[in-house]
Amino acid sequence: MTLAKVKTVTLVGLEGHSIEVEVDISDGLPGYTLLGLPDAALSESRDRVRSALVNSGEIWPNKKVTVSLSPAWLPKSGSSFDLPIAIGILMAQNVLPDFEGEFFIGELGLDGAIRTVRGVLPAVLAARKFGAKRVFVPADNFSESQSVAGIEVVAVAHLGEVTRFLRMGKFPPCAEVQKLDLHLRNLDLCDVVGQVDARRAIEIAAIGGHHLLFIGPPGTGKTMLAERIPSILPPLTLDQSLEVAAIHSIAGSLKAGVAITDVPPFVSPHHTTTPTAMVGGGSHQVRPGACSLAHQGILFIDEAPECGKGVLDSLRQPLESGSVTITRAIGSVTYPSQFMLVLAANPCPCGKFSGKGRSCICSSLSIRRYLQKISGPLLDRIDIRVHVEPPSRNEMASPDLGESSESVRARVIKARERSRVRNQAHGWLLNSQIPPSQLRKKFRAEKEGMNFLHIELDNERLSARGFHKVLRVAWSIADANEHEAPTLKDVQDAYSLRTGMEDFE
Amino acid sequence: MVTKQEIGALGEERVAKYLLDNGCRVIDRNWRIREGEIDLVGLTPEGAFLFVEVKTRSSNHFGHPLEAITPIKALRMQRLALAWLTLNNHWGSDYRIDCAAVFIGRNQEGEIDYRKGVL
């Protein structure tokens, strides 16, 4: 046989495409031709594959080698084709036995070592979809792919291992499918001193999936609170975990040797970040941005008013649709991005405008301008705004720890279940997703609660937009308190969770 | 001491013998014009002209001999072949461009790797 076919997978966004690597060895001048729209890294594969083969004790054919990656129309990039090309060249020389159902993913070092590549987890998931029986992955990428059931994942560290397995026709026993790693919640809410209001606010936000804005002077614990929100969110399901880990795999942010986790991700881009880094981009491979890395978790932006123009507003579309579609020359790529947005801001440029605000040196105009840097349409989506004040001397003096994340999480899970049962029939899952028309029809609060809101509307203390937000939050509070519908007290609580919102509206 | 010209001549001798053994005639050798040289011109029993580039190596340390034939050199062989056909009044005849690698070791055995129709 001078023609061999080997299977691998390439990714466009999260979507995998099955790629057939065809290798033809024919008489003629020694040479190597790679077909099928390869990019620079892929075109260099020739020299890596050649050295890897020779240094693993295999033979490089001094003939005309033609490698075709089909389908040919799909642009291919990256170094993950090295291993399948090497195997194909060996098969075309008849030095390997026939096999079927194996997929290969990996970059080769000049010594034949198999190096880690990005996106192994989504590639393994795709290989399973294409009916692969077994997939060879770089040893360093094994930990991320071992939670995938229904396909044998073989971790290999050297080309010699792969050829030995194929020649023997025997493969290492398949490692057991790993359960998710449940022990990564290292931040606990009990570290936070005091902050009763803010604790309550993040609990309600976690129940309803409400976006959140912290306002407070520096050093009061805004970041600390935000970092601990993942610890009170319900654990991700297996499918969600795999989806989240797949996105992180493409971004290359998974650690080798660490199994994937069911803790919702926490992503906090710096406020100088660019819109591209926020939503994703890139010319050869479209990489996910911060808002996709925060999928099913928290996107925390500290010092939100300091964000560059357009950075916060670039989040409006993903907030609306729950996904980002990025179009580049190589095509359109869609990444999921359903996240809970948490913004933190100082109350004014100098940061001291809280309490009585005595030491604040900002003019009233600059204070107002400061928070106005967060645009109206974005604030429209933020249901809860909390003032985080410095803890009192009583709170600091007490040696007691606050309530632990575990007990808060138990309440959140229970309340979410209540809201899920109620909302599911209407086509949404979280209280933050209830559309305004339904809030005035089916999802009204109890009569006294509605009256309270109507009076506030009449007195011009509440806008129509604010009216709907209060109701949504009131539903989450009702779920926390196990009420059938929001009571007057629930509505008032919700109203107090948006204190000062009128500054913006 | 064997010079590299002698090694080259030895290799061409081996290939000429190989062609004769395979029923071909050798009708020209080391044909040279300003643009370059054709090592061997042969004629198959079917009447097609062969233009053979011979690469001789006494060791494999510097890669396969045929790797030394770059696409540019291959195209030059094409032009030289057409020039030979024109100047020898065979324009329009069938022709083929071949390459041969000759390995000359200590025992001067002269193993041949012959590739037909490389263009």
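The domain assignment of chain A gives three domains: domain 1 (3-168), domain 2 (189-417) and domain 3 (434-505). These bounds come from an automatic or database domain assignment. The structure is a predicted model, in which local features need pLDDT of at least 70, side-chain atom pairs count only at pLDDT 80 or more, and totals for chains, interfaces and linings use all residues. Residues are numbered from 1 along each chain as its sequence is written, while chains are lettered from A and ligands numbered from 1 in the order in which they are written.

The model scores ipTM 0.78 and pTM 0.85. Confidence per residue is given as pLDDT, the predictor's confidence from 0 to 100. Chain A averages 88, and 96% of its residues score at least 70. Helices and strands are DSSP runs numbered from the N terminus (helices H or I, at least four residues; strands E, at least two). In chain A, confidence is lowest in helix α16 (residues 393-397), at a mean of 82. It is highest in strand β6 (residues 107-108) of chain A, at 96. Over residues 501-505 of chain A, pLDDT stays under 50. For this stretch the model has ten contacts beyond four places in sequence; two residues are in contact if their C-beta atoms, placed from the backbone, lie within 7 Å. Where pLDDT is low, the predicted coordinates should not be read in detail. The mean pLDDT of chain B is 89, and 97% of its residues reach 70 or more. In chain B, β5 has the lowest confidence, at a mean of 89, and β2 the highest, at 94.

The centres of domain 1 and domain 2 of chain A, taken over C-alpha atoms, are separated by 40 Å. Their contact takes 20 residues from domain 1 and 21 residues from domain 2. On the domain 1 side, β1 (3-12), α4 (120-129) and α5 (142-145) of chain A each supply at least two residues. Helix α4(A) gives the most to that side, with four residues. The residues of the domain 1 side divide into eight nonpolar, eight polar and four charged. Here Ala, Val, Leu, Ile, Met, Phe, Trp, Tyr, Cys and Pro count as nonpolar, Asp, Glu, Lys and Arg as charged, and the others, Gly among them, as polar.

Chain A contains an open sheet of five strands in the order β11-β14-β17-β10-β18, with parallel pairing. Two strands pair if DSSP finds at least two bridges between them. Strands β11 (266-267) and β18 (382-387) of chain A stand at the edges with a single partner strand each, so one side of each is left without a neighbour in the sheet. Helix α7 (residues 196-208) of chain A packs on this sheet and touches β10, β17 and β18. Its direction makes about 165° with that of β18(A). Axes are lines fitted to C-alpha atoms, for helices over the stretch in contact, and angles run from 0 to 180 degrees between N-to-C directions. Strands β10 (residues 211-215) and β17 (residues 340-345) of chain A pair in the parallel sense over four bridges. Phe214(A) stands opposite Ala344(A) in β17(A).

Elsewhere in chain A, the peptide bond from Ser70(A) to Pro71(A) is cis, with omega near 5°. Pro71(A) is placed in the loop between β4 (64-70) and α3 (82-92) of chain A. Most residues other than glycine have a negative phi, and most peptide bonds are trans.

Chain B also has an open sheet of five strands, in the order β1-β2-β3-β4-β5, with mixed pairing. Its edge strands are β1 (25-33) and β5 (111-115), each pairing on one side only. The twist averages 30° from one strand to the next. Strands β1(B) and β2(B) run antiparallel and are joined by seven bridges. A hairpin connects them through two residues. Arg29(B) has Leu40(B) in β2(B) as its bridge partner. Asn30(B) is found in strand β1 of chain B, and its phi is positive, near 45°. Strands β3 (residues 49-57) and β4 (residues 95-103) of chain B run parallel and share nine bridges. Phe51(B) stands opposite Ile97(B) in β4(B).

Helix α1 (residues 4-21) of chain B lies across β1, β2 (36-43), β3, β4 and β5, running at about 140° to β3(B). Helix α2 (residues 71-87) of chain B has 17 residues and reaches 24 Å from its first C-alpha to its last. This is close to the 24 Å expected at 1.5 Å a residue, where the expected span is 1.5 Å times one less than the number of residues. Asn89(B) follows α2(B) and has a positive phi, near 60°.
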